[in-house]
Amino acid sequence: MTDTETQTQQTRAGFAAIIGAPNAGKSTLVNRLTGSKVSIVTQKVQTTRFPVRGIAMEGQAQIVLVDTPGIFTPKRRLDRAMVASAWGGAEDADVVVHLIDAPSHIASEGKDGTAADRKSAEDTETIIANLKATGTKVILVLNKIDGMRRDTLLALSHQMFETGVYSEVYMISALSGDGVDDLKSRLAMSMPEGPWLYPEDQSADVPIRVLAAEITREKVYLRVHEELPYSAAVETTAFDEKGDGSARIEQTIYVERESQRPIVLGRGGQTLKWIGQKSREELTELLDRPVHLFLTVKVDPKWQDSRALYAQFGLDFNA
């Protein structure tokens, strides 16, 4: 028996899809499981626009994590593409995890619940209805349990199990890591036997041009999240390897209206300078080489109808 055949018998590899309402904590969980920054995490909902494959190792098992966009009721073309992408990621997986923001879900049922809490609960009901319709059995994961009472969590767990779509439940804090190791072990056991799909030291399966664009988009939202709604996109228009080992990256930040352009630029260009500096620092660390980053801000009222941007993120323009 060859070494390759021995490894094939000993190893496991497969896909685990993480679905949930926007802002349930999916990206934070993927980043925690992989031990590296694979998905962008901001205080805005719907920041993940395409399934990111993060790769987590657990013993001899390789878990390819599909971090799907949040599932919500779509209104625009981009929304429809994101939701179609999320369900597509779940259908192709060996195991599906439904992540729920526990405190938000509980708050939605009381008088202190916010509109955002109620919207998240509605999106969760939509997901459950779809899971029922397809007969998919999934693992329920209650997230953000920090400081919550045990009896409150058990009551929520019981309520969810009555829907008939869950096989088991885990209670975690993706932010602190509490309970995540147990979930990771369970996902590893769900992977089918077979050779690893990626090199052991690889943490993500994302084209570097796309990842670079996502990192800059995260910085845009971190800096102007109050003033700028979801009317911005970032496209990597050029990525060149220089002779001295550095990388030259050109990116365009698209906004929908002329009034949004000065928001991204800032007084004297200071906001754009901050975005560029923070993005360059992270890209330098990620690529392990000097990065020269050049940002341009363009107004395009129809950027959400750009086939090129959809193709960049692997989304179906016609969803």
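**A chat about sheets, helices and salt bridges**

Trainee: What order do the strands of the open three-stranded sheet have?

Mentor: The order is β7-β8-β9, and the pairing in this open sheet is mixed. β7 (232-241) and β9 (291-299) stand at the edges with a single partner strand each, so one side of each has no neighbour in the sheet. From one strand to the next, the twist averages 20 degrees.

Trainee: What kind of model is this, and what needs a pLDDT of at least 70?

Mentor: It is a predicted model, in which local features need pLDDT of at least 70 and side-chain atom pairs count only at pLDDT 80 or more, while totals for chains, interfaces and linings use all residues. Residues are numbered from 1 along each chain as its sequence is written, and side-chain values use heavy atoms, with hydrogens and water left out.

Trainee: And what counts as a strand, a helix or a pair of strands?

Mentor: Helices (H or I, at least four residues) and strands (E, at least two) are DSSP runs, numbered from the N terminus. Two strands pair if DSSP finds at least two bridges between them.

Trainee: How many bridges join β8 to β9?

Mentor: Nine bridges join strand β8 (residues 247-255) to β9, and the two run parallel.

Trainee: Which strands does α8 touch?

Mentor: α8 packs on the sheet and touches β7, β8 and β9; its direction makes about 135 degrees with that of β7. Helix α10 (residues 270-287) packs on the sheet too, touching β7, β8 and β9, and its direction makes about 140 degrees with that of β9. Contact here means heavy atoms within 4.5 Å. Axes are lines fitted to C-alpha atoms, for helices over the stretch in contact, and angles run from 0 to 180 degrees between N-to-C directions.

Trainee: Changing topic: how many salt bridges are there in the whole structure?

Mentor: A search of the whole structure finds eight. A salt bridge is a side-chain nitrogen of Lys or Arg within 4 Å of a carboxyl oxygen of Asp or Glu. One of them joins Glu168 and Arg186, at 2.8 Å from N to O.

Trainee: Where do Glu168 and Arg186 lie?

Mentor: Glu168 is in strand β6 (residues 166-171) and Arg186 is in helix α7 (residues 180-190), so the pair links distant parts of the chain, 18 residues apart. Arg186 counts as partly exposed because its relative accessibility is 24%. By definition, buried means under 20% relative accessible area, exposed means over 50%, and partly exposed lies in between (1.4 Å probe, protein chains only).

Trainee: What about Arg217 and Glu214: are they buried or exposed?

Mentor: Arg217 is buried, and so is Glu214. Their side chains meet in a salt bridge of 3.0 Å, N to O. Arg217 and Glu214 are separated by about one helical turn, because they are three residues apart in helix α8 (residues 208-224).

Trainee: Which residues are linked in a network of salt bridges?

Mentor: The network links Glu218, Lys219 and Glu282. Lys219 and Glu218 form a salt bridge whose closest N and O atoms are 2.7 Å apart. Lys219 counts as buried because its relative accessibility is 6%, and Glu218 is buried with a relative accessible area of 2%.

Trainee: Back to α7: which of its residues are buried?

Mentor: Val180, Leu183, Lys184, Leu187, Ala188 and Ser190 are buried. They lie on the same side of α7 because they cover an arc of only 155 degrees around the axis. That arc is the one of the directions from the helix axis to the C-beta atoms. The face turned away from the buried side of α7 carries the exposed residues Asp181, Asp182 and Met189.

Trainee: At what angle do α2 and α7 pack?

Mentor: They pack at about 80 degrees, and their axes are 11 Å apart. α2 and α7 are therefore roughly perpendicular to each other; angles under 35 degrees count as roughly parallel, over 145 as roughly antiparallel, 65 to 115 as roughly perpendicular and the rest as oblique.

Trainee: Which residues in α2 and α7 meet?

Mentor: Leu29, Arg32 and Leu33 in α2 meet Val180, Leu183, Lys184 and Leu187 in α7. Helix α2 (residues 26-34) is mostly covered, with seven of its nine residues buried. Just after α2, Gly35 has a positive phi of about 75 degrees.
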